Amino acid sequence: MAMLEVKNIGISFGGLKAVDNFSLTLEENELSGLIGPNGAGKTTIFNLLTGVYRPDKGSIRLDGRELTGKSIIEINQAGIARTFQNIRLFSNLSVLDNVKAGLHNHYPYTTLEGILRLPRFRAQEKEMNRRATELLEVFHLEQFADTRAKNLPYGSQRKLEIARALATEPKLLLLDEPAAGMNPNETAELMETIQLVQKRFHMTILLIEHDMKLVSGICERLTVLNFGKVLKQGETQEVLHDPEVVKAYLGE
Ligand SMILES: Nc1ncnc2c1ncn2[C@@H]1O[C@H](COP(=O)(O)OP(=O)(O)OP(=O)(O)O)[C@@H](O)[C@H]1O
């Protein structure tokens, strides 16, 4: 069974069909890219997959479970996590607390237990600190655990966003332009990090990216969007050499 099965979803804003008849299948552990010109509808697809928008039609299934029409929280709990084009960390919280924010789905304690610091709360806090530190170690961020997120270098903030998304223990990770604003060294390191996440967490990943070096370096398959529609879908190299793709996007 595929990990993600999207069938013929679409959404219009006013008269504009931002996404039209979009379908995509991702196998478990696949690392796939979504590319296309500015305004093609890529972020709108992430918003549809994560419940920010409800599709006008079509269906979305994750690991066999129907997610169409579910809320953002329900979809996150079902196993879709994302990062954003513009970094959205809790900038004044510590690096460790940012990751712990992602863990909260899995460690329920009541507000009263928290205020009174009852034993269950203390035990869960300890376990959350352990899990969050473990995740930071994967990204070599453990030495910054107590640093405020806003004081991290840019590339490390991007890594922290991914760590926080992984803390929710997703089945599918969506990365929206993870290399945006990065220098070539940071991008090279990011490519390694994404591949590490894929292997270490056996993660299924869909990423939006304009950096062709990253896309051709790590994506196994690509979907090219143009004016809200799929222009081409297939193996990365085959797609990147497709004359229509070159004309619509790469030849810009
Ligand atoms: N909430 C909204 N209301 C109205 N129009 C919207 C809304 N969200 C997206 N759009 C429009 O839908 C189209 C697709 O936008 P989207 O942001 O998905 O493109 P994109 O491929 O992610 O672009 P970029 O590469 O620049 O980030 C654009 O024309 C955009 O203006």
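I first settled the terms: two strands pair if DSSP finds at least two bridges between them, and helices (H or I, at least four residues) and strands (E, at least two) are DSSP runs numbered from the N terminus. I noted that this is a predicted model, in which local features need pLDDT of at least 70 and side-chain atom pairs count only at pLDDT 80 or more, while totals for chains, interfaces and linings use all residues. Residues are numbered from 1 along each chain as its sequence is written.

**Sheet.** I looked up E5 and found it opposite R61 in β4. Strand β1 (residues 4–13) and strand β4 (residues 57–62) pair in the antiparallel sense over five bridges. I then followed the open sheet, whose four antiparallel strands run in the order β2-β1-β4-β5, with β2 and β5 (65–66) as the edge strands, each pairing on one side only.

**Domains.** I found the protein chain divided into domain 1 (1–79 + 170–252) and domain 2 (89–169), with bounds from an automatic or database domain assignment. Their centres, taken over C-alpha atoms, are 27 Å apart. Counting contacts as C-beta atoms, placed from the backbone, within 7 Å, I saw 14 residues of domain 1 in contact with 12 residues of domain 2. On the side of domain 1 that touches domain 2, α7 (184–200) supplies at least two residues, and its six residues are the largest share.

Notes: Contact = placed C-beta atoms within 7 Å.
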